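Dear colleague,

Please read them with the structure open beside you.

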Amino acid sequence: MIKINSLKNDFFGGVTAAVVALPLALAFGVASGAGPTAGLYGAIVLGFFASLFGGVPTQISGPTGPMTVVTATAIVAFPNDFQSVISVIFLAGLIQISFGIIKIGKWVKYIPYPVISGFMSGIGIIIIILQINPFLGVESKGSIIETLVAVPKNFAIANIDSIILASITLVIMFFTPKKISKIIPSALIALVIVTLLAFYLNFEVPTIGQIPMGLPEITIPTKFDILQLNTIITLAITLALLGSIDTLLTSLVADSMTKTNHKPNKELIAQGIGNALCSFVGAIPGAGATMRTVINIKSGGESRLSGMIHSVTLLLIVLFFAPLASKIPLSVLAGVLIKVGFDILDYKFLKIMNRIPKVDLLIMLTVFFLTIFVDLIMAVGAGITFASIIAIYKVSKRTRMQTKNMSKKIKFDISIDNKETQILEIDGSLFFGTASILDRKIDKIRPQTKFVILDCLKVHFIDLSAIFIIEEEINKLKAKDIQTILILKHYQKRKLLKLDVNDIFKNTVIVSNIDSAVNTIQHNEYNENK
């Protein structure tokens, strides 16, 4: 049963989030190239269904910076072919649903921080650069490089009225006192005040233009050029990955504020459903939005009802106040988005850039520049790959392999005068990154050696590459008439025997401790001397 107090909190949280979402949804819609209506309905449809089915009760979903940038890329990739764009959005939703079904949500937390930092700061810079032309009151370009190259020319033909309005918007966005912005969001203040100023002063500036009133037409995302399928799939995967990362990072913020634990896979399924449904109404996709979620929580939002109320509030605005929204200057939205771009920059990382390890800085900068100038998915992929290689190198350096002579005193106070036996003790992880070290150590075994004890009791992890290397080493030693004795934990032995297609391990002595290995050698020597 819903409590009255909880319902009141959800109502105020949802309405406040909608007020914040309104200018952002309009701005992201325009920035994407799909139009303000597409931004509004993206916030309405995704916001409603992500809350209805989601795993984060207080999360508010809608168009976000990263998703808008990729959507804009899709629109540029398919000029005059919005059917292909909505096919990208629909497929991205299905991919997100599949992410949730196969429970991929828990893996997002393993993305290294420098990768996330470089990506988010890169997105922030992209948003800022793409708003230069609307700020100046000239026609927008979808390309970062085109926009930057055309800056000198565009300043020469800039609309002074647009610059004035955008500048006033920025002043309001950056300098509105926190006491006021907590009650009325600075984006809404800028939207209303500067739009009224432009109207009463008869400024001739580009505006949003007509926003259709009423419900949108339903479009089935089935028609697209089969020759463009490769591009569609690539963009859809990019949208799905970025939407999932964006959402789950916001989910962690919501958890820290509400002292709860979200359900990542359920949230991914909900996001996928919402984004897939966005394609049916020609709306742009989105993700969990950090600022709107924080405002919802701070305004009292407690349950998924707050997100649904946020969507219903936006729908009522579209149905009854669309003519007023059509008068909003594009330069005002540019000012709002420039502030959003600055907010996305990772100041936490930027403040400590001169103190962090050079490797982390290099990863961050690589992702940052690839995000801006090349491709978002390549940026994240390159960053994760680079960070993984560094991590593998560090783990491999921690693995120790020490060769001991059996003539020396070894564990359990056993001392055997047998220089024909050598122990190779491994401490750490045996995987593809350290398997080659094992090969080099085996190659250094003395020719007169008769027994090699491979002591793996201190090995924490063995992967398939290492198992195959061990097989090769056993065969290599056997060819030299050297017998291998493996010391393994029970689960390691079980794993090796399970993968023992060629019966190499079945024909190898496998024991659980050094005593058993010594007894095996003594028994063999006794039999040879009989």
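The crossing of H20 and H21 is right-handed, and please keep in mind throughout that the model is a predicted one. Helix H20 spans residues 435-443 and helix H21 residues 464-479, and the two pack at an angle of about 15° with their axes 9 Å apart. Since angles under 35 degrees count as roughly parallel, H20 and H21 are therefore roughly parallel to each other. On the H20 side the contact is made by Ala435, Leu438, Asp439, Ile442 and Asp443, while H21 contributes Ala466, Ile469, Ile470, Glu473, Lys476 and Leu477. By class, the residues of this contact of H20 with H21 divide into seven nonpolar, no polar and four charged.

As for where this belongs in the chain, the UniProt annotation "domain: STAS", which comes from an unreviewed entry, covers residues 423-521. The domain assignment, for its part, divides the chain into domain 1 (4-391) and domain 2 (400-529), and the centres of domain 1 and domain 2, taken over C-alpha atoms, are separated by 57 Å.

Two further helix pairs may interest you. In one of them, helix H5 (residues 113-130) and helix H16 (residues 330-344) have axes that come within 7 Å and cross at roughly 165°. With angles over 145 degrees counting as roughly antiparallel, H5 and H16 are therefore roughly antiparallel to each other, and their crossing is left-handed. From H5, the residues Met120, Ser121, Ile123, Gly124, Ile127 and Ile128 meet Leu337, Ile338, Gly341, Phe342 and Ile344 of H16. The contact of H5 with H16 comprises eight nonpolar and three polar residues, with no charged ones.

In the other pair, helix H2 (residues 36-53) packs with helix H13 (residues 264-280) at an angle of about 150°, and their axes are 8 Å apart. By the cut-off of 145 degrees, H2 and H13 are therefore also roughly antiparallel to each other, although H2 passes H13 in a right-handed crossing. Here Gly42, Val45, Leu46, Phe49, Ala50 and Phe53 of H2 meet a set of H13 residues that includes Lys266, Glu267, Ala270, Gln271 and Ile273, together with Gly274, Asn275, Leu277 and Cys278. The contact of H2 with H13 has nine nonpolar residues, four polar and two charged.

Methods: Residues numbered from 1 in each chain as written. Predicted model: local features only at pLDDT ≥ 70, side-chain atom pairs only at ≥ 80, totals over all residues. Heavy atoms only, no water. Domains from an automatic or database assignment. Axes fitted to C-alpha atoms, helices over the stretch in contact; angles between N-to-C directions. Helix = DSSP H or I, 4+ residues; strand = E, 2+ residues; numbered from the N terminus. Parallel < 35°, antiparallel > 145°, perpendicular 65-115°, else oblique. Left-handed = near helix turned anticlockwise from the far one by under 90°. Contact = heavy atoms within 4.5 Å. Nonpolar A, V, L, I, M, F, W, Y, C, P; charged D, E, K, R; others polar. UniProt positions renumbered as here; feature names shortened; annotations may be inferred.
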